[in-house]
Each structure stands twice: as structure tokens, then as C-alpha cells.
Number of protein chains: 2
Amino acid sequence: MPDGVGLVETRTAVVADPDHPFRLENGATLEKVEVAYETYGELNEDRSNAIFICHALSGDAHAAGLHQGADRPGWWDNIVGPGRPLDTDRFFVVCANVLGGCGGTTGPSSEDPATGSPYGLRFPLVQVRDLVEVHRALLAELGIDHLLAAVGGSLGGMQALQWAIDHPGELDGALVIAASAHLSAQNIAFSAVAREAIMSDPDFAHGDYYGTDGSPDRGLAIARMIGHITYLSEESMREKFGRRIQDSDAPRYGFDVDFEVESYLRYQGTSFVERFDANTYLYLGRTMDYFEPFADPTYVQHQIAEGDTAFLLVSFDSDWRFSTSHSRRVTDELRLAGAPVTFQEVESRHGHDSFLFEIPEYHETVAGFLDRLATERGIG
Amino acid sequence: MPDGVGLVETRTAVVADPDHPFRLENGATLEKVEVAYETYGELNEDRSNAIFICHALSGDAHAAGLHQGADRPGWWDNIVGPGRPLDTDRFFVVCANVLGGCGGTTGPSSEDPATGSPYGLRFPLVQVRDLVEVHRALLAELGIDHLLAAVGGSLGGMQALQWAIDHPGELDGALVIAASAHLSAQNIAFSAVAREAIMSDPDFAHGDYYGTDGSPDRGLAIARMIGHITYLSEESMREKFGRRIQDSDAPRYGFDVDFEVESYLRYQGTSFVERFDANTYLYLGRTMDYFEPFADPTYVQHQIAEGDTAFLLVSFDSDWRFSTSHSRRVTDELRLAGAPVTFQEVESRHGHDSFLFEIPEYHETVAGFLDRLATERGIG
């Protein structure tokens, strides 16, 4: 693999202020919205080579490259860089933390200008559409009004999908990876248990734990552990851990961590707590629960007819969180509305997390799709 | 369906006392063991018609019939009674709460004779083998030293399997339903999260919450909610709940219970807390994690050769907790050891919970297997 994008830093843009408040889908307004973002590569003269990365529930603006002093690159570094599918020799790539996030973009941990205290649960409920509108406001700040593509996995794919539907003609392509347009009862059930774990933690304090001694770390860790089980496939768990005992040949027979898989999950839970805000977890989880972009088929049909966005849907055969049937349903709905859709199920044992892995078939599919879009736009 | 077994009551037997302590597999001893049990039907003169029901994690001794004043029958009433597969016109059926339980049998909530206080986490870790030995001690009290069959689903099936392996010649048949001889990494992961939820609840108090103001209700409810998701199939959840909103046509957009599936799960969690002890949940969950009856193949082979127990293995095609592959592995191991095994995968959309449902193919399979055993024994 060639070297990546090198040193990068996260910047912040202000996209709403008291004179230009941001109005959400549900009618609420925010008097200040800051957005944390990163860019990789160069915008060409026509401003025609921009690709926007939409991140998933626990992601952030740092998709690629290295921060000063860091030893690990951004979360999607394997797909972004010179010669990689999101080729920074060719494309100008933007990634931003979502509205409601905790990675520098305004969210429940931000100060509510009306009170001078953090919003907590007074932050308005955000919908996928709101996330997209904030990204669009950022692009307007950057002088970009058209994208070669919006691309994302999981909640990121939901954003790419909503973007394409709401703004015909704005995207040449939408890459919707390991996503869904319609959480299943089982998906919502897992989300509900995670939420219950956070909200029933006594340190949650109805969301007002900022600046107090406590924070709902136990609840958030449990939510993350549950999430992790659904991100991995049964097969990959078996391969990775089996029934092996941590640091021992024989079981210790007790209630402490004993099996390797327990140790792994506990680490995932406790390390997540250090970098993530429980309220953001609640908000973005709920955003996914309520996502239903095809609720009004007439609207979708009308919108699709207005534009000519090409869609790439990718699913992974071992993903049981958003299985292939989810991507198939999106494909069917889009085709019914008249959109051109390429659908690819990729073989992978990594479950839902596959979209983060460097899987040749997957990366070639993404690279090929983007190359086609770029060629059509005359991007060299 | 004909009427069931009618009014029943739970009785208690003492199977260990200071003069005859109970010795566990791990070497610990219990100076007092009480067992709660129920019986249905009549023991015949030869004492050859007894069937023992082993219950699952959240079960108890009350498998069938009605308690005085109750409006709901025991948890397996549809399979036990006159004319039902466990035909009480023909068989003497016994069900007992397991060691470590909270339904009348000695467990972590019982008084430790050494201290006069409840055991809490000072109760010894129990293995499936210990559960079986306590059941056998109960049967000895009842004057029964041979069973037509031991039968159980999930943890109950594990007990039937261990019983057959450890005591050749004691069972004519072992009915191992929706069970496993080897929890997968994913199974252990779910178990670990449930345990984490209970043990990280501040009211858990290291297991010594008895007689205090609090008890780890939040943690136990979350554990139960997680469990419930794994007991149902994705398909049955979709059929039962879909994305329907509770008592409303339109979403309320908030963090409270909104979708029907959330309401269902919350009810399952909160109602469970009223009838179940968190420490028992921990103990029996861990018992399942560590279960590995085929760890010593030489032992199993020797034991199987000593007896002539016939095995019936049943799995359900939508069960993703203990999928058909779990039952197939048990079948393979038993056949390798030379045991006669009938294996049947039953079509059902109810997931792991299928073993509790009245599914014709399933009930006919159980009835047919028991009838064959009874006929061979000359039971009319």
C-alpha cells in the first residue's frame, strides 16, 4: 500500500449563528452550530472532484491520515489516500463530525447559548436529514455546491442515501455501504437495550452529568459491548476468540473475566467511554431508529426523477446487523423510484464491521464506481 | 387440547444436611440443600414410568398445572398432562428447581448455615453436573433410581445430556432440546454483557443486596432484555412488532419507549425482576458458559459404552442462540462415542423460545420418542 495522506488536522467551521440559526427538521432551531472537519487532497479548479465521507455512529471527522504525535491513523485510512479507492491524488475528500456528535461538532455536550450550560437532553432530537443539512452548510462554507459522491457505511450510508434523495442533482454518486433504510424490530431492540443501559445508570442524571463527579460510564460501556456483538459475525468471533481462556490454559471458574472474548468486550467498553459521550450515543442511536427515507414514496419518486445520481449499494454476507436483505430493500425502493442502482454483496467474515476492512472485492467495487463517476465528469 | 393436570403445589425435600453434606464438583460442600419440586401423574408399581423435567435458566419447579388461585399454568403446561407428549395418564413426571436457583431450591439467596446470612457470591460456583446430582438426590428421596427419560430445553437439555453421560443405565432416554454442549464465543459474549449489567449496578453491592433497600433491578432487567432478544428470531420479532409505534399511529420522537418492541422488552425486563434473583442469573449463566461435557472424549466413550441410553436431539431452524449447528455437534460427539441418537431439526419461526411452544412436529417427535421408550419398558 502506498503511503497515506500524511499529517492532518481537524478544523472547525461555524455554519450557524444567532443571525443565521440552523432550523432542524422537527422545527427546533440552533443558534450556533460548529462543525469539526478534515480534508484530504486538493479541490480542482472546476470544484468537481469533491467526495464527502459520512461517518457511522461512533466515528468522527478524522477519517484518514495522522494527527501530530499520534501513532494510529484515522478510522477509514485504508480507503482514503493516494492510490486508494478515495484517491487523494484525484479527489478532494471531506469528512466532518455529525450534528449531535461529540467530536467537535455541536451536540448535546455543547453549550446551549440560551442557558450557558451544556444542552444535555435539551438538545433537539436530530434526524438523518439534519445531519446532511449541516454537512451541506459546511460545504457551502468551503465553496462547494456539488459532490462527485457522498459515501458512508452504516449510519454514514444512511446519510448518503438521504442526501441523494433530498438534493437531486447535487451528487453524481451515492455510496451506501452496510446500511439500512428501515431498522428491523431486532435492530431497534438492541438499540433500546443500549439506551436503557445508559439512561438507567444513576450517574446519567437525566443527561446532566457534564461537570459533575460522575458520568454514565458503566451504562455506556454496556451499550458499546452490546453494539460490538452486533458488529462482529458469529464466525469472526469464533475465529478470533473461540472458547479460549485469557492468559491461561484452564478456566478459573469465577465471575471475573475469564474467556478471551470477555476480556475483548470489556476493553471495547471501557476504552470507548474515554473517547465518547453517552448523550451522543443516545441521540445518534435514536436517529437511526427513526430513519425511514422511503416513508413517502411519492416524494422519493419525484426527487429521484429530478436528478441523476447513480447509487452503489454494498452489503457484506456475514453482516447480521444490516444484512444483505436491508441493502436489497434499499435497492428495490430506489429502482422502483427509477434510480440507477448497482448492488453488490461482498463475501467477508467480518460482519457489520466489514465496511472498515480492506477487503479487495469491496475496495475494487468502490474504486471502480468512483472511477466511472470521475471519468464521466472528466476528472483525470 | 384435553384438560391439563389440574391443581398442583410445590413441595420441598431436604437432600443434604450437616450429617450428609452435598459435595460439589469443585470440592466445595453445602451443609444444607433443599429442593423445591412438583410431580404430575402417578408412579407405577415398577417405578419405571418416571420422567424428569430439567428446566432452563429462568424456569422453576412449576412446569405444569395450576397453583391455587393462579390464572396461568406452569411454564411447560402445553407438553405435560393427560394425552400430552409427557402423558400424565401414563408417566410420573417430576420437575425440580435447580441448585443455585431462586424458586425454592438452595441457592445464593439461601441462608448460609456458617454465617446465618444469605450466601450471595459466597455460594459455590455450580456446574451442570452439580445440578444433576441434586436432582438425583431428590429422586432417591422419592424412591426412584431409574428414569424413563430426562428431558429439557436449553440449560435443561444440558442437564439431560450430562445426566446420561455421567450415569449410564440410569436413563432409558435423554431428550436434549435446543441445547448446546459448547457455548460459542458469541453466546459467551452475550452472557458477559448480561453479567456486566448486573455486577456494575451500584445496588448489586457485590451480591450482598439481600435485606438492603436496594437490589440490582436495573442491571437484571437489562440482562433479561438482552436475553430476550436472543430468545426470539429476527423473523418472529418482525412479525410480532415490526416498526409499529406503541398506542399511536405516528412516532413521538423521543427517548421514551415509542416502538412496540421497546415496550415489550421493557415489560420483559421489569416483570422478570419481580420473580427472579440477580445472583441466580449470574450463577446459572456462568454454569452454561463453562459447560463442556465432551472435554474428555475418553471418559464419554467409556460412559456411553456402559449404558444404553437413547438420545433425542431437537433443534429449531430459527434458533440463533443455540442454532442447529449446536445440536448437530452434540449429535456427532454422541455418535462418535457410540450412542444411538435421533436428531430432528424442527421448522419454527419462534427462535430459541420454540421449545416452549406447542409446535405439532416438535410435540409429535417428543411424544413418539417417549412412546417408543415406554413400549420397550412395557409401560401401557
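Here are some worked exercises on a predicted model with chains A and B.

**Exercise 1. The build of chain A**

Task: Find how many helices and strands chain A has, and decide how compact the chain is.

Solution:
- Step 1. Start with the secondary structure: chain A holds ten helices and twelve strands.
- Step 2. Turn to the radius of gyration, which is 21 Å for chain A; the globule rule gives 21 Å for 380 residues, so the chain is as compact as a globular protein of that length.
- Step 3. For the extent along the principal axes, picture a box of roughly 65 × 50 × 45 Å, filled by the C-alpha atoms of chain A.

**Exercise 2. How the two copies are related**

Task: Work out what rotation and what shift superpose chain B on chain A.

Solution:
- Step 1. Two copies of a chain are related by a rotation about an axis and a shift along it.
- Step 2. Here the rotation is 180° and the shift along the axis is 0.0 Å, with an RMSD of 0.0 Å once chain B lies on chain A.
- Step 3. The two copies are therefore related as by a two-fold rotation axis.
- Step 4. Now compare the surfaces: 100% of the interface residues of chain B are also interface residues in chain A, so the copies meet through the same surface.

**Exercise 3. The side of chain B that touches chain A**

Task: Describe which helices and which classes of residue make up this side of chain B.

Solution:
- Step 1. Count the residues: chain A and chain B bring 38 residues each to the contact.
- Step 2. Look for the helices of chain B that supply at least two residues each; they are α3 (185-199), α4 (217-231), α5 (234-240), α6 and α7 (278-290).
- Step 3. Among the contributors, α3(B) gives the most, with eleven residues.
- Step 4. Sort this side of chain B by class, and you get 24 nonpolar, six polar and eight charged residues.

**Exercise 4. Helix α3 of chain A against two helices of chain B**

Task: Decide how α3(A) is oriented to α6(B) and to α4(B).

Solution:
- Step 1. Two packed helices are described by the angle between their axes and the distance between the axes.
- Step 2. For α3 (residues 185-199) of chain A and α6 (residues 260-275) of chain B, the angle is about 50° and the axes are 9 Å apart.
- Step 3. This pair is therefore oblique, and the crossing of α3(A) and α6(B) is right-handed.
- Step 4. On α3(A), the contact is made by A185(A), I188(A), A189(A), A192(A) and V193(A), and on α6(B) by V261(B), E262(B) and L265(B). The residues of this contact comprise seven nonpolar, no polar and one charged.
- Step 5. Next take α3(A) with α4(B): their axes come within 10 Å and cross at roughly 170°. Angles over 145 degrees count as roughly antiparallel, so α3(A) is roughly antiparallel to α4(B).
- Step 6. In this contact, Q186(A), A189(A), F190(A), V193(A), E196(A) and A197(A) meet I222(B), M225(B), I226(B) and I229(B). Eight of the residues are nonpolar, one is polar and one is charged.

**Exercise 5. A pair of helices within chain B**

Task: Find how α3(B) and α7(B) are oriented, and which residues join them.

Solution:
- Step 1. The two axes, those of α3(B) and α7(B), cross at roughly 160° and come within 10 Å.
- Step 2. The helices α3(B) and α7(B) are therefore roughly antiparallel, with a left-handed crossing.
- Step 3. From α3(B), the contact uses I188(B), S191(B), A194(B), R195(B) and I198(B); from α7(B), it uses A278(B), Y281(B), L282(B), G285(B), M288(B) and D289(B).
- Step 4. By class, the residues of the contact of α3(B) with α7(B) are seven nonpolar, two polar and two charged.

Definitions and conventions. Residues are numbered from 1 along each chain as its sequence is written. Chains are lettered from A and ligands numbered from 1 in the order in which they are written. This is a predicted model: local features need pLDDT of at least 70, side-chain atom pairs count only at pLDDT 80 or more; totals for chains, interfaces and linings use all residues. Copies are superposed by least squares on the C-alpha atoms of residues with pLDDT of at least 70 in both. Two residues are in contact if their C-beta atoms, placed from the backbone, lie within 7 Å. Axes are lines fitted to C-alpha atoms, for helices over the stretch in contact, and angles run from 0 to 180 degrees between N-to-C directions. Helices (H or I, at least four residues) and strands (E, at least two) are DSSP runs, numbered from the N terminus. Angles under 35 degrees count as roughly parallel, over 145 as roughly antiparallel, 65 to 115 as roughly perpendicular and the rest as oblique. A crossing is left-handed if the near helix is turned anticlockwise from the far one by less than a right angle, and right-handed if clockwise. Ala, Val, Leu, Ile, Met, Phe, Trp, Tyr, Cys and Pro count as nonpolar, Asp, Glu, Lys and Arg as charged, and the others, Gly among them, as polar. The radius of gyration is taken over C-alpha atoms; the globule rule is 2.2 Å times the number of residues to the power 0.38.
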